[in-house]
Amino acid sequence: MSGLLDLDIAGAREALDARKVSSVELTATYLDAMEAGAGLNCFVTPTPERALEMAGASDRRRARGEGGALEGIPVGIKDLFCTRSIPTSAASRILAGFVPTYESTVTANLWRSGAVLLGKLNMDEFAMGSANVNSCHGPVENPWHRTGDGAGDRLVPGGSSGGSAAAVAARIALAATGTDTGGSIRQPGSFCGIVGMKPSYGRCSRWGIIAFASSLDQAGPLTRTVRDSAVMLGAMAGHDPWDSTSANLPVPEFEAALTGDVRGLRIGVPREYRVDGMPGEIEELWTRGGDLLAQAGAELVEISLPHTRYALPAYYIIAPAEASSNLARYDGVRYGLRAAGDEPADMYENTRGQGFGEEVVRRVLIGTYVLSQGYYDAYYLKAQRVRALIRNDFDEAFGSVDAILTPTAPSDAFAIGEHEDDPIRMYLNDVFTVPSSLAGLPAISVPAGLSVRGLPLGLQLIGRMFDEETVFRVAGVLEQAAAFAHRPSGGA
């Protein structure tokens, strides 16, 4: 079993093409691994019957000489993507019993490419969180474990796509979808030692993805390698007339961008990302990453992104404001949880009070406050102006560099429950990922080293709008040079 689980997408694709293994055999191996790794709490809705049915259909297509880019590849889907006839909860009690009658565009694209559905993956409720502890299904456990002090602690996988990241790292899914609003693909990618890619805003359709913050949400892949990420994104992306924010642009051959050559490219190193209190090991990893790219022929250029320090407060005004609006639809009338009440207003209040978790309530209240009369101009509009300044900073920087290198997260994975009473500290986990989210830029996290506690650390590469090809090109070289070959001790 372990031999098949060690294959990445590229390796599995070769084995399937050579008829060394069938999709049914590969899928069955992953279903067994899912059972063995159930203690991590990654999957909230396994779909073994659907998986074997899809795998069998894939094998028949392959026998006819047909097949897509992900033909026969078993993947997991974050439980924020609506999947026809399969429960979709967004990890919230308020969507208990909700079974969509339609398919999200991203998952429909994956099924057309031949991918096989293993099941729906755990997440932070409505994608709000940085640790995957805000779920009605319970927290997800990172398959990595500390060495030394705290060796027995159960660690967070990062959030909100923690179930996706942990499943891929633990070898109980070959790849997975995630969503990234302020870092929710890249940060769990860093915590779990895998590759997390947030494409440009508009590259992947948001239709059929349960909304958190509509001007920020973007789907992307979590994979074991940069090449796998390129393959997955190519299958997920594309223009969608059902989504007004979907970019009407052709999808490049992302895999072809992995040339292994960065000679002549200019890599920006922003001085503002050296924040107070950043651990020395993060600084050292960042320096080493720059040295590796320089040795490969790239030129390092110090740049300035002067409005970086305002990114986090701007984000935590804009995102909750949009969440407040998006989550107003959950009232117990049309679908999901309905709590009893003598009057309609009582039913609304009881439903939302019982259905939403603490973090969702906190963000809805913040969002409602900043949108209220007398505060809209002072907070929300000002935050939008700051967002424009942050985007202008990036535009100016990309006038002289081809990509930007930063840390992904300010720490390695921490223990479950360690920061639960300090929401501000939780929010600070996104300090390096939020700026590119506000600007809508593509960014990828690549595992690049281990902390002193034996836990993975990632480096982030940010590119120009809709220039995922350069991001993949540089990330592939960084991945090869860093040679991160470590494996978690937990999982399959």
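Tutor: Gladly! Let's start with pairing: two strands pair if DSSP finds at least two bridges between them. Strands here (E, at least two residues) and helices (H or I, at least four) are DSSP runs, numbered from the N terminus. This is a predicted model, where local features need pLDDT of at least 70 and side-chain atom pairs count only at pLDDT 80 or more, while totals for chains, interfaces and linings use all residues. Residues are numbered from 1 along each chain as its sequence is written, and side-chain values use heavy atoms, with hydrogens and water left out.

Student: What makes strand E5 and E10 a pair?

Tutor: DSSP pairing needs at least two bridges, and 3 bridges join E5 (residues 195-198) to E10, so they pair. The two run antiparallel, and glycine 196 stands opposite serine 445 in E10.

Student: How do you know that E10 pairs with strand E11?

Tutor: By the same test of at least two bridges: 7 bridges join E10 to E11 (residues 456-462), again antiparallel. Valine 446 stands opposite leucine 459 in E11. The hairpin of E10 and E11 has 5 residues between the strands, and glycine 454 there takes a positive phi near 80°.

Student: Why is E10 called mostly covered?

Tutor: Buried means under 20% relative accessible area (exposed is over 50%, partly exposed in between; 1.4 Å probe, protein chains only). In E10 (residues 443-450), 7 of its 8 residues are buried.

Student: What makes helix H5 mostly covered?

Tutor: In H5 (residues 105-112), 7 of its 8 residues are buried, among them Thr105, Asn109 and Trp111. The buried residues of H5 pack against several elements, including helix H4 (48-63) and strand E3 (116-121). Glycine 114 follows H5, with a positive phi near 100°.

Student: Why are helix H3 and H4 called roughly antiparallel?

Tutor: Angles run from 0 to 180 degrees between N-to-C directions, with axes fitted to C-alpha atoms, for helices over the stretch in contact. Under 35 degrees counts as roughly parallel, over 145 as roughly antiparallel, 65 to 115 as roughly perpendicular and the rest as oblique. H3 (residues 23-36) and H4 pack at about 160°, with their axes 8 Å apart. H3 and H4 are therefore roughly antiparallel to each other.

Student: Which residues make that contact?

Tutor: Contact means heavy atoms within 4.5 Å. Among those making it are Val24 and Leu31 of H3, and Leu52 and Ala55 of H4.
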